[in-house]
Every structure is written in C-alpha cells, then in structure tokens.
Amino acid sequence: KSSIAVRKAVKENDKWNYGEKAAVLNASENAFDKDGVSDPDVIQGKFAYNGEEYSYLMAYEGTDNLVAKNHKIGFAVAKTPAGEWEKVENIVLSAENSDSFGLSQPSLINFDKQNKVVLFCSADRGTYTVQTLREMDLADLNNPVIGVENVLAEKGLKDKNDYPTFNDADFAYDSVSGYL
C-alpha cells in the first residue's frame with residue numbers, strides 16, 4: 001500500500017538539507033483508496049469540515065486495486081501542510097466509465113484564495129485520455145457545490161495516435177499576469 005509523505009528542507013550555503021520523510025496520508029482500511037493513495041496536490045484557503053476550520057486542501061488519487069481500473073479523486077484537509085490530514089469522506093469523484101482507468105493526476109487552483117476551487121485531472125475514456133476541469137465551491141466540505149465536468153480543448157495537439165493525448169498535466173495561476 002502506498003502513502004503520501006512530506007519532507008522538510010532547509011537551504012544552507014546553496015545546498016538543500018532534507019529532513020526525514022513523514023507519512024501524512026495513508027491508504028484506508030476499507031474505502032475507495034484502500035490499496036493506494038498518490039499524486040497529491042495541495043492548496044491553501046479556508047475550508048470548513050465537520051465543524052472545524054482548515055487552511056489546506058489536498059486532492060489525491062486513490063485506488064482499491066493497484067493493477068486494475070477505476071481510480072478516483074479524493075480530498076483531505078489539514079491545518080498545516082505537514083498534517084494531520086483528515087480525509088473528506090463525502091467527496092470522491094469517479095470517472096463516468098468505471099471500466100476505464102478512471103480519474104488521475106489531480107491539480108488544484110484556488111483563484112479567490114478562499115474556497116472557490118478548480119480541479120483539473122486526467123480522465124480515461126477507455127480508448128483515449130482527456131484533461132478535465134470542474135469548478136467547485138468548497139467553503140463547506142459537508143455541503144460542497146461541485147460543477148459539471150468540462151473537457152479542455154485539444155485542438156492543435158498532435159500525437160502519433162488517432163487521439164491527441166493531453167493528460168497528467170499540472171496547472172498554476174499567476175494572479176499578476178492573469179495567466180493560467
């Protein structure tokens with residue numbers, strides 16, 4: 001089973017010195033992510049869950065069968081980046097086709113620096129993969145507002161296959177220039 005870990009690094013004399021790694025999110029005993037968690041992306045904001053306020057939100061890929069299909073995207077919250085991370089049990093996103101690899105490689109953008117979030121991820125359609133996005137209001141994680149899945153345009157992409165592949169991307173937003 002896989003875990004998500006962090007390591008603190010300090011730069012001294014132009015050299016990075018890394019501390020010991022510490023697991024911050026483990027596979028569940030009996031849930032969609034019981035066989036593995038991976039590919040985290042973390043943003044800062046203001047998120048309420050089960051009566052607590054949290055400053056960090058993580059999206060991660062989870063699976064209940066490492067060699068099979070139907071990977072999903074889960075979420076967790078923490079007050080500091082080093083944890084303790086609590087899984088958000090009521091938000092798990094899955095692909096429309098459970099026979100495909102599923103959803104993978106989440107990337108989060110928090111445009112308002114609060115709780116209006118855009119989730120990008122790869123979505124396997126069986127014979128090809130697309131990059132998708134969902135707009136979400138995650139102010140109250142017990143009652144999230146999750147928008148519909150939108151597929152990013154692939155016009156102009158070239159690939160050796162019949163379908164252009166635009167997957168496993170990571171996104172960042174520069175608020176000064178307005179560029180994504």
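**Buried contacts, turns and a pocket**

Reader: Is Glu61 buried or exposed?
Author: Relative accessible area decides, taken with a 1.4 Å probe over protein chains only: under 20% is buried, over 50% exposed, and in between partly exposed. Glu61 has 5% relative accessibility, so it counts as buried.

Reader: At what pLDDT do side-chain atom pairs count?
Author: Residues are numbered from 1 along each chain as its sequence is written, and side-chain values use heavy atoms, without hydrogens and water. The model is predicted: local features need pLDDT of at least 70, totals for chains, interfaces and linings use all residues, and side-chain atom pairs count only at pLDDT 80 or more.

Reader: Which side chain makes a polar contact with the side chain of Glu61?
Author: Glu61 sits in strand β6. Strands (E, at least two residues) and helices (H or I, at least four) are DSSP runs, numbered from the N terminus. A polar contact is a pair of N or O atoms within 3.5 Å; within protein, one must be able to donate a hydrogen and the other to accept it, and residues adjacent in sequence count only if both atoms are side-chain atoms. At 2.8 Å, the partner of the Glu61 side chain is His71.

Reader: Where is His71 found?
Author: His71 is buried, at 6% relative accessibility. Beyond four places in sequence, its contacts (heavy atoms within 4.5 Å) include Glu61, Phe101 and Leu103. His71 belongs to the loop between β6 (52-63) and β7 (72-78).

Reader: How far apart in space are Glu61 and Gln105, C-alpha to C-alpha?
Author: The Glu61 side chain reaches the backbone nitrogen of Gln105 at 3.3 Å. Glu61 also touches Leu103, Ser104 and Pro106, among others. In sequence, Glu61 and Gln105 are 44 residues apart; in space, C-alpha to C-alpha, the figure is 6.5 Å.

Reader: Why is β9 largely enclosed by the rest of the structure?
Author: β9 spans 103-110. The count of buried residues gives the reason: out of eight in β9, the number buried is seven.

Reader: Which residue of β10 is the bridge partner of Ser104?
Author: Two strands pair if DSSP finds at least two bridges between them. β9 and β10 (residues 116-124) run antiparallel, with six bridges. Across this pairing, the β10 partner of Ser104 is Ser122.

Reader: Which residue takes a positive phi near 60 degrees in the hairpin of β9 and β10?
Author: Five residues lie between the strands of this hairpin. The residue with the positive phi there is Lys113.

Reader: Which strand gives the most to the lining of the largest pocket?
Author: A pocket is an open set of points, on a 1 Å grid over the protein atoms alone, where a 1.4 Å probe fits and protein lies on both sides within 12 Å along at least five of seven lines; lining residues have an atom within 4 Å of a point. Lys113 belongs to the lining, as do Phe111 and Tyr173. β5 (36-49) and β9 each supply at least two residues. With four residues, the top contributor is β5.

Reader: Which side chain joins that of Ser28 in a polar contact of 2.5 Å?
Author: Ser28 lies in the loop between β4 (22-26) and β5. It counts as buried, at 16% relative accessibility. Its side chain makes a polar contact of 2.8 Å with that of Lys87. The 2.5 Å contact is with Asp33.

Reader: What is the relative accessibility of Ala78?
Author: Ala78 is part of strand β7. Beyond four places in sequence, its contacts include Tyr54, Gly83 and Glu84. Ala78 counts as buried because its relative accessibility is 0%.

Reader: What is the relative accessible area of Asp14?
Author: Asp14 is in the loop between β2 (9-12) and β3 (15-18). It is not a glycine, yet its phi is positive, about 60 degrees. Asp14 is exposed, with a relative accessible area of 72%.
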